[in-house]
Amino acid sequence: MIIGLLVLTIGIIPIVLALSVRRLFKGSELSFGLLIYMILISIWQADIGILYFNNLFSERVILLLFRLFRIAPTFAIPVTFYVAYTIIKKYTPTFKDGHFNKLIGIVFTRKTLVVLLIWSTIIFIVNWTSLGIKGLKVEHFYHSSTTFYFPEYGPLFFLYIFHMSSFLLFLFLIFLLSKKILNKNMKDFLRTFSLCSLLLFITGFINFSPGTGAIASSIGVIIFSVLILLAFIKLNTIMTIQYNNLIERQKKMDYTGNLVGSLIHEMKNTVVVIKGFSKLLNQGNFPRNDFEKSSLEMIENAAQQLENLANEYREYIKHSKMDFKMEDINKIIELSIQFSNEIIKERQIEIEFVKNYRNLMAYVNGTYLKQVFINLIKNSSEAMAEQCTNRKIRIETDFIEENIIINLYDTGTGIPPQNWESIFDPFISSKNEGMGFGLPFVKKIIFEHRGDIQIMDSTPAGTHFQVRIPQFEFSNMS
């Protein structure tokens with residue numbers, strides 16, 4: 001009975017960890033899956049510990065409790081699947097093999113989860129009959145006088161073995177999926193989780209041998225708990241540091257916001273001067289060549305864009321909203337390319353705009369969206385090293401289920417995968433003179449359009465940005 005109490009005490013550790021997980025990731029679906037998973041580990045230990053209470057309970061009671069507690073290892077399979085499903089749904093791991101992406105999308109669905117729950121229920125019911133577990137027999141703990149009950153398995157017990165073996169498949173998938181998650185901290189945690197769970201699996205299978213005293217899994221639970229606890233502490237520490245950094249950045253943003261009003265006022269005064277003199281030059285009677293005419297026209301257009309942007313900023317600060325209307329995305333991108341012409345020429349970059357549709361109308365704020373593409377073109381231009389011979393930016397538009405897709409490819413030096421998320425945070429810049437406002441501005445504007453921007457791929461040969469925005473006011477993002 002002492003050994004049984006020890007096993008039950010060890011089983012409490014995962015429950016404590018489960019509550020810590022829930023507190024750390026409060027409200028997330030992933031934390032719910034991990035919570036259930038570790039509660040099942042605790043119940044699994046109770047399933048083992050009850051076998052050592054042969055001096056306290058009758059064989060019938062112990063058999064009843066043993067079959068009941070078998071719910072834990074049996075339903076660990078769909079719970080592990082749920083963890084993998086949540087990873088795919090929330091953290092969108094991306095594989096370069098398109099066919100593998102499609103396979104993951106087909107397999108990891110709610111329907112598969114329901115099928116696994118039904119199958120696990122069948123296995124659980126079989127274990128309640130003599131076909132799964134016939135009864136209990138008395139065994140000795142390592143040839144000592146200590147005795148305990150050990151289950152006698154029925155003819156259909158191979159179904160339970162097959163069922164539990166699928167646990168390996170889902171652990172492998174979690175490990176594989178974790179490698180494709182951009183969030184490095186979550187990646188490291190899930191890698192530790194899958195490897196520690198593999199250790200639990202191995203020690204659990206050792207329990208099928210009576211000679212181990214049905215206690216091998218308790219050793220696995222102790223190691224699992226210690227390693228997962230260390231992973232939690234590390235993750236929590238990193239999250240605390242990131243939160244403090246976020247607070248500091250927010251303070252900077254608040255201070256910056258206070259300056260915006262006065263900056264807009266001064267910018268508008270400067271724009272008035274630029275527009276005034278450009279009009280005087282246009283109204284002059286002296287002859288001009290084509291280059292001078294186009295340059296003056298560009299100055300007027302740029303000044304008008306600057307004035308529109310200042311007005312939009314002012315309205316956004318006052319009312320926290322943007323004005324939207326149906327505009328042609330192709331035209332917005334073309335104007336953005338024109339405004340970026342000097343940057344393109346100066347850095348000797350070839351820019352290609354592939355229009356798959358003649359008109360691509362969408363419910364947007366044209367002024368802000370122009371600035372988004374100007375920022376993206378500028379960012380891609382600056383990512384190209386001086387020694388780079390293939391200096392090219394390609395922009396391609398597409399349309400899928402009421403969603404406008406804009407793909408931008410460059411031949412820059414690339415972005416490390418661990419920075420794919422952080423580059424959209426303010427005050428983070430890889431350039432010495434940069435303030436880290438360009439891409440955060442882009443992300444903010446795309447979000448205001450109910451869309452998203454992501455890095456789809458990035459290598460030393462270049463980066464692929466993808467912008468997705470709904471076409472109509474009431475379109476749903478797919």
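Two strands count as paired here if DSSP finds at least two bridges between them; helices (H or I, at least four residues) and strands (E, at least two) are DSSP runs, numbered from the N terminus. The model is a predicted one, so local features need pLDDT of at least 70 and side-chain atom pairs count only at pLDDT 80 or more, while totals for chains, interfaces and linings use all residues. Residues are numbered from 1 along each chain as its sequence is written, and side-chain values use heavy atoms, with hydrogens and water left out.

On to the strands. By that pairing rule, β3 (residues 325-328) and β5 run antiparallel, with 4 bridges between them, and Glu327 sits opposite Ala362 of β5. Strand β5 itself (residues 361-364) is two-faced: Ala362 and Val364 are on the covered face, Met361 and Tyr363 on the uncovered one.

Strand β9 (residues 462-470) is another story. Buried means under 20% relative accessible area, exposed means over 50%, and partly exposed is what falls in between (1.4 Å probe, protein chains only). On that scale 9 of the 9 residues of β9 are buried, so the strand is largely enclosed by the rest of the structure. Both of its faces are covered, with Gly462, His464, Gln466, Arg468 and Pro470 on one side and Thr463, Phe465, Val467 and Ile469 on the other. As for partners, β7 (residues 403-410) is joined to β9 by 8 bridges in the antiparallel sense, and there Tyr409 faces His464. Strand β8 also runs antiparallel to β9, through 7 bridges, with Gln454 bridged to Gln466. The β8 and β9 pair makes a hairpin that leaves 2 residues between the strands.

Now the helices. Helix α7 (residues 157-178) has 22 residues and spans 33 Å from first C-alpha to last, close to the expected 32 Å; the expected span is 1.5 Å times one less than the number of residues. Its buried residues are Phe157, Tyr160, His163, Met164, Phe167, Phe170, Leu171, Leu173, Ile174, Leu177 and Ser178. Seen down the axis of α7, these fall within an arc of 165°, so they line one face of the helix. (The arc is that of the directions from the helix axis to the C-beta atoms.) Phe158 and Phe162 are exposed on the other side of α7. As background, an α-helix has 3.6 residues a turn, so residues three or four places apart point the same way.

Helix α6 (residues 110-127) has 18 residues and reaches 26 Å from its first C-alpha to its last, close to the 26 Å expected. Buried in α6 are Leu113, Leu116, Ser120, Ile123, Phe124, Val126 and Asn127. They cover an arc of only 155° around the axis, which puts them on the same side of α6. Turned away from that buried side are the exposed residues Arg110, Lys111, Val115 and Ile125.

What about charges? A salt bridge here is a side-chain nitrogen of Lys or Arg within 4 Å of a carboxyl oxygen of Asp or Glu, and the whole structure holds 7 of them. One of them joins Asp47 and Arg70 at 3.2 Å, N to O. That pair links distant parts of the chain, 23 residues apart: Asp47 is in helix α2 (residues 29-49) and Arg70 in the loop between α3 (59-69) and α4 (71-91). Asp47 and Arg70 are both buried. Another salt bridge, also listed at 3.2 Å from N to O, connects Glu352 and Lys392. Glu352 lies in strand β4 (residues 350-354) and Lys392 in strand β6 (residues 392-400), so this pair ties together parts that are 40 residues apart in sequence. Glu352 counts as partly exposed at 28% relative accessibility, and Lys392 is partly exposed at 27%. Glu396 and Arg394 form a salt bridge at 2.7 Å, N to O, with Arg394 partly exposed at 27%.
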